[in-house]
Amino acid sequence: MDPLLRPGHNAPHLPAAMGPGYADVFDRLSRQGGRVETTGTNALPTFDAHAGAKQASFQPYQNNGGSVVAVAGKDFCVVASDTRFGLGFAVPTRMISRNLVLNDKVVLATAGMQADTCTLHKVLRIRLDMYRQNHGKDMSLGAVSQLLSNTLYYKRFFPYYTFNVLGGVDENGEGFCYGYDAIGSHEKVKVVCTGSSQSLIQPVLDNQVDGKQMYDGQPVAELSLEQTVELVKDCFSSAGERDIYTVGLDGRGQPPLYVKILKLAFVLTSHPLRSKYTRSHFIQGQSPAVRDSQTTTDTYFT
Amino acid sequence: MSGIGTGYDLSTTTFSPDGRVFQVEYSSKAVENSGTLVGVRCKDGVVMAIEKIVTSKMMVKGSCRRCHIVDLHAGLSVAGMGADGRVIVDRARQEAAQYRSIYGIEIPGRVLAERIASFVHMYSLYWFVRPFGCAVMFGSYSEEEGPQLYVIEPSGIVYRYFAYALGKGKQIAKTELEKIKFDEITCREAIKELTNIIVGKCRDESRDKAFELEMLWICDESLRKCQLVPSALVDEALELAKAAAESDDEDME
Amino acid sequence: MKIGGGHVRGGGGAADGPVKVTQTPYVVGSSVLGVKCIDGVVISSDTLASYGSMAKFRKISRIHKVSDACVIGAGGEFSDFQEIKKTMDGVMIEQFCMDDGYVLTPSAIHQYLVRVMYGRRNKMDPLWNQVVMAGFHDGKATLGMVDQVGSNFESEVIATGYGLYMGLPLLRNAYRPDITVAEAKKLLEDIMRVLFYRDARTSNSIQIAAVTKDGVEISEFYDLETKWDYQRFVDGARSGDVSTW
């Protein structure tokens, strides 16, 4: 269920001071349910320079699509996102970063509106830097999860239109994920997906990772890191086939055209030597589709 | 009569019986103790030079600026308290930017000079502020007006000059400035003259503190943009001036 | 700056109810195209600003030089673009006054503009533009864009306005990582011509700007060579089609 559709999050409950224009926007947002409208007046909302005097009044929100996934294992967590910047039926660019490596053990991935994503990432990066200066250590996964919630809720009445997943390893070296709605409600889980392909990917992950809907409920074998990465890649390539706001792999598991379309950030165990994988292992890329998000983060948001 | 110690010098809000505002006059003392500042208007622009007293051997060269850029076409130099000067610079930049934002053209020199003067004047009117401990020499070069040089004193008074001097060596410098026809020479030529006045005439190397020569110009050579005079030119002028001063000394001996 | 009836801002009195701030674009520019090249970066736009279907201003520049290493080109509300130009000029003069030897890099200028535009959308008083920023610094070209809600990215090829739909696929097809400025100018001219043929808000008067190691070079306005005697243009797209539908 889309988080913004939760009771109490509808426009009529907003303070009158926000004005009808605002309520309208939020209402539309709620009904849209985090998905890009493909018909009607909002189909090509912002790049349509030709509507001239007939154009609808200003909409501060824009859905740029994208899907984000986090899967936690015993001592690792995989956080992945696609890189498509969608806008109505257009794709202004195929390469934007949705991932933010917050520190060695925590990675954030954000779907939704790119401008808000960009701002949220900036704010969080600053807050984590300040924490590091004040405490002389990196923020733990749990602390980041609360900070993210507060940061989102701070804008409760003009929310960041973002759908976040947070993944990492906690102080005990165990992998965990957090899934969020746009205004800070969150849940600690082992596997989560949000964004435009949420409804396509989440059930598969529930089944494959959590063992839901399995025949006679027999326990599923715990996935290894390698298996998890392959599963996540499959999720994206499959979702990409059915969701025009998410990019997938082509049939050979290769990126279509000249850009990488799947981006994975790997947060490994607290003790890197315990795994045969290192981050650089993935930067160089087992598959050309797989790169560490940090490289892209640096390239695109410095 | 009413001089120091009679109570009329404690605030700018009280005149002395003979019509003076002592606080403002005292602030001029701060200017007189400054390193010498000379400025001239030449045929192709404005150039200013200041003898920046170096208070510490550890000071990084070029820091503690006294020549400031105000807008593309305007700049000013501060004689007296450098910190007070920066407040004026800040205000001058705001005025220049505001004028540009309203009228879409660069602020005329006269307008900016008068606005700065009004600002400075405000600080000679109220009990809760003190007058600026500095005078500023302001130069601009606009299409319409050509090169102009103004001096704004702590009282808020503003005059436009062909050439002027402030600070310790102002009397000597003014005498020297009067001998040269600056409106017939270029700024590049004037650099040497100004350097010579400061180094050769105003300063007494055996007595005066170490200094740095800082120069600002707005002229055709700088494409009518305000900038510090390139250090190569300043250094060259300094060498010449020092050599000339030495040969003068030898002559006297 | 508030222009025309585009902005409605209620009075402050309680009787006026809540303050309303809305905006719709009135006089708008259409596409801007950009290509990142091996030796620089090139952007192009036409010189038209339309008021609905009227060609309101036919010889205006939608490209502006920000620094010696950076230009911006914009579609969308023309008065807002003039405001952006003013803002950026102010920033650059501020930098000039600092006189500290540092200059804002093109990507810093881009990011500044992103923050300005995102800030305005947060105030519900947007600068209704799609701005393309092109710069060349330290031997590397940058090409980025930002729109009225603050969406922003850097990319090898960028197109805004109608160009997003009709120009971008052509750009992507023609793009090579080793494309040169000279080639890109030709490419953009070709795509501008396509846009002129099919986008009713694009004129045949265009302007191209390149940023290279030698700095910014913005062309004069010039008219595209056009050809209208293609059979399909003359007879319509259905020429020779004998089917019944």
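I start with the largest nonpolar core, which has 119 residues. The members that touch the most other members are Ala70(A), Val71(A) and Cys177(A). Helix H5 of chain C, residues 181-198, supplies the largest share of this core, eight residues. There is also a second, separate core of 67 residues, and it includes Tyr123(B), Tyr150(B), Leu216(B) and Ile218(B). As background, nonpolar side chains in soluble globular proteins tend to be buried together. Please keep in mind throughout that this is a predicted model.

Back to Val71(A). What does Val71(A) touch, if we leave out residues up to four places away in sequence? The list is Cys77(A), Val78(A), Cys177(A), Val191(A), Leu205(A), Val209(A), Thr228(A) and Val232(A).

Now chain A as a whole. Chain A has seven helices and 11 strands. Of its 302 residues, 46% count as buried. If you take the contacts in chain A with a separation of 6 or more, 66% of them are between residues 24 or more positions apart.

Next, one helix pair in chain A. Helix H2 covers residues 114-135 and helix H3 covers residues 141-154; they pack with their axes 11 Å apart, at an angle of about 130°. Why do we call the pair oblique? Roughly antiparallel would need an angle over 145 degrees, and roughly perpendicular means 65 to 115, so H2(A) and H3(A) count as oblique to each other. The crossing of H2(A) past H3(A) is right-handed. On the H2(A) side the contact is made by Leu120(A), Val123(A), Leu124(A) and Arg127(A), and on the H3(A) side by Leu147(A), Leu148(A) and Thr151(A). By type, that contact has five nonpolar residues, one polar and one charged.

Staying in chain A, look at Asp170(A). This residue sits in the loop between strand S7, 162-169, and strand S8, 175-180. Ser140(A) is 30 residues away along the chain, yet the two C-alpha atoms are separated by 6.5 Å. Apart from residues up to four places away in sequence, Asp170(A) touches Ser140(A), Leu141(A), Gly142(A) and Phe176(A). Is Asp170(A) buried, exposed or partly exposed? Buried takes 20 or more C-beta neighbours and exposed takes 12 or fewer; Asp170(A) has 18 inside 10 Å, so it counts as partly exposed.

Most residues other than glycine have a negative phi. Gln213(A) has a positive phi, near 60°. Gln213(A) is placed in the loop between helix H4, 198-210, and helix H5, 225-242, of chain A. Gln213(A) counts as exposed because it has 9 C-beta neighbours inside 10 Å.

The other one is in chain C. Asp138(C) is not a glycine, and its phi is positive, about 60°. Asp138(C) falls in the loop between strand S10, 129-137, and strand S11, 140-146, of chain C. With 9 C-beta neighbours inside 10 Å, Asp138(C) counts as exposed.

Last item, the contact of chain C with chain B. How many residues does each chain put in? Chain C gives six residues and chain B gives eight. On the chain C side, the residues that touch chain B are three nonpolar, one polar and two charged.

That is what I have.

Conventions:
Residues are numbered from 1 along each chain as its sequence is written. Chains are lettered from A and ligands numbered from 1 in the order in which they are written. This is a predicted model: local features need pLDDT of at least 70, side-chain atom pairs count only at pLDDT 80 or more; totals for chains, interfaces and linings use all residues. Helices (H or I, at least four residues) and strands (E, at least two) are DSSP runs, numbered from the N terminus. Two residues are in contact if their C-beta atoms, placed from the backbone, lie within 7 Å. A nonpolar core is a set of buried Ala, Val, Leu, Ile, Met, Phe, Trp, Tyr and Cys residues joined through C-beta atoms within 7 Å. Axes are lines fitted to C-alpha atoms, for helices over the stretch in contact, and angles run from 0 to 180 degrees between N-to-C directions. Angles under 35 degrees count as roughly parallel, over 145 as roughly antiparallel, 65 to 115 as roughly perpendicular and the rest as oblique. A crossing is left-handed if the near helix is turned anticlockwise from the far one by less than a right angle, and right-handed if clockwise. Ala, Val, Leu, Ile, Met, Phe, Trp, Tyr, Cys and Pro count as nonpolar, Asp, Glu, Lys and Arg as charged, and the others, Gly among them, as polar.
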